[in-house]
Amino acid sequence: MGSELIFRGGAAEPEAESSSAGPYSPKPSKPWPGPVRYLLREQRLLFVLIGMAIATLFFTFASSPSSSSPSTAAAIATLAVVPRTITAHPERRLSVGAKIPLGLKRKGLRIVVTGGAGFVGSHLVDRLMARGDSVIVVDNFFTGRKENVMHHFGNPNFELIRHDVVEPLLLEVDQIYHLACPASPVHYKKEKCESLTDVEHKTNVVGTLNMLGLAKRVGARFLLTSTSEVYGDPLQHPQVETYWGNVNPIGVRSCYDEGKRTAETLTMDYHRGAKVQVRIARIFNTYGPRMCIDDGRVVSNFVAQALRKEPMTVYGDGKQTRSFQYVSDLVEGLIRLMEGEHIGPFNLGNPGEFTMLELAKVVQETIDPNAKIVFQENTQDDPHKRKPDISKAKEQLGWEPKIPLRKGLPLMVSDFRKRIFGDQSTTTSGGSTSST
Ligand SMILES: NC(=O)c1ccc[n+]([C@@H]2O[C@H](COP(=O)([O-])OP(=O)(O)OC[C@H]3O[C@@H](n4cnc5c(N)ncnc54)[C@H](O)[C@@H]3O)[C@@H](O)[C@H]2O)c1
């Protein structure tokens, strides 16, 4: 067979030569000797394969961080990664860029969490960091604490910026979770606190505008953490997202309620007008470790009072209802919302409904059966009922809360105990628990 081929090749030679002399020959003369011509003509596939092998070897060595100089890897990274870069993490750009050509790992996102040193924000940051994303926390520490995120210090994927969102900020990011807000009732309900309500308005309005502006500028997806307070003292129960609410625009709570309503309006306007990708979560009462002690929210109030052997303060007759969601459930809902296709708004809350007196009883069971209850006059516009309808989140986000109050409360108590007494023990009268 092989000789036949050689033969045919050889036989073609004189024919070619003779035809090249003639006027109609389409074939040029062949200057190569016979064996070389054979290789060129009959083994073309072999040459192609050898060429591919050389190219593969070259790119493999060039893209390997261990086998290339930093400048080579950086040059390849610059070519391979998306054009957007984060100035805050030059070292990360290098490592991500070096891995992408091999396609071995999911690209981590660059995410800003405003209010990330607060209660909810810090738990969200934990989840995003664990997922391998690069997280920038922007917080002015109005109610947040460095201690909430200190365990990430030293991690090159983490950065903390002390900044008030009322001032503009430019960062190259993929997603913005906008949580920054002076959310604690003790701040906005105090009399003679015009400056605090001023801060509240500025953060909700100017701060939200700044973050939406940032999202528009860098093409980031923006998630607003709104609140169930947008429903005011609801006339519809449970509350569905289509309900427009019953809010007093001039009451002591209005700076928070109306501030969040305005933030929702701005968010939707940026979506419609500037095509910013937005998400809106309406969060119902949430509790868990790292909550601000003495921040005036009912769960933290009761737990701190019972631990300190002070009577638990119930406002009004204690028959007003709330639903309490454990923080890890909320974080799961926020991430699903951000990653999903739906804008919202979505109610994120636990539909389990408790009166204030029932809540006080659960706290007694968990901390001290002898804890006392005192009644005080209620504040103006305190909603009588609050319970989320979460059908939309169930259906469109595949989300629903998993942790019941009796399971979540001991985790929070354990954290509060440590922070109030410096007690390292994780045992509560409600059972042995571990803090998250
Ligand atoms: N926890 C809840 O039950 C609940 C319920 C409804 C809505 N929310 C919303 O969720 C978000 C987080 O709430 P949280 O419970 O973690 O409150 P939090 O007070 O613990 O966290 C808010 C964070 O925002 C920061 N902050 C406030 N103003 C700022 C500003 N101008 N610039 C930068 N940072 C600023 C604070 O320092 C704090 O770290 C808020 O937007 C709140 O309105 C929470």
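This is a predicted model: local features need pLDDT of at least 70, side-chain atom pairs count only at pLDDT 80 or more; totals for chains, interfaces and linings use all residues.
A residue counts as buried if 20 or more other C-beta atoms lie within 10 Å of its own.

## The whole chain

Now zoom out. The protein chain has 14 helices and 15 strands. Of its 436 residues, 37% count as buried. Take the contacts between residues at least 6 apart in sequence: 74% of them join residues at least 24 apart.

## A sheet of seven strands

Let's turn to an open sheet. Its 7 strands pair in parallel, in the order β3-β2-β1-β4-β5-β6-β11. At the edges stand β3 (158-162) and β11 (346-348); each has a single partner strand, so one side of each is left without a neighbour in the sheet. On average, neighbouring strands here are turned by 20° against each other, if you ignore direction.

β5 and β6 (residues 278-283) run parallel and are joined by 6 bridges, with Leu223 standing opposite Arg279 in β6. Helix α9 (residues 254-274) packs on the sheet and touches both β5 and β6, its direction making about 155° with that of β5. Another helix, α11 (residues 327-339), lies across β4 (175-178), β5, β6 and β11, and runs at about 160° to β6.

## A strand with two faces

In a regular strand, side chains alternate between the two faces of the sheet. Have a look at β8 (residues 312-315) with that in mind: Met312 and Val314 make up a covered face, while Thr313 and Tyr315 make up an uncovered one. β8 runs parallel to strand β13 (residues 373-376), and 4 bridges join the two. Across that pairing, Met312 stands opposite Ile373 in β13.

## Zooming in on Asp174

Asp174 sits in the loop between β3 and β4. Is Asp174 partly exposed or buried? It has 19 other C-beta atoms within 10 Å, and being buried takes 20 or more, so Asp174 counts as partly exposed.

Who are its contacts? Leaving out residues up to four places away in sequence, Asp174 touches Leu109, Arg110, Ile111 and Ala220. Gly108 is 66 residues from Asp174 in sequence, yet their C-alpha atoms are 9.8 Å apart in space.

## Around the ligand

Finally, the ligand. Which of the 31 residues around it come nearest? They are Gly115, Gly118, Val120, Thr143 and Gly144. By class, the shell has 15 nonpolar, 14 polar and 2 charged residues.

Several elements each supply at least two residues of this shell: α6 (119-130), β2 (134-139), α8 (194-218) and β5 (221-227). The most come from α6, which gives 3 residues.

Note on methods. Residues are numbered from 1 along each chain as its sequence is written. A residue is near a molecule or strand if its C-beta atom, placed from the backbone, lies within 6 Å of it. Ala, Val, Leu, Ile, Met, Phe, Trp, Tyr, Cys and Pro count as nonpolar, Asp, Glu, Lys and Arg as charged, and the others, Gly among them, as polar. A residue is buried if 20 or more other C-beta atoms lie within 10 Å of its own, exposed if 12 or fewer, and partly exposed in between; C-beta atoms are placed from the backbone. Two residues are in contact if their C-beta atoms, placed from the backbone, lie within 7 Å. Two strands pair if DSSP finds at least two bridges between them. Axes are lines fitted to C-alpha atoms, for helices over the stretch in contact, and angles run from 0 to 180 degrees between N-to-C directions.
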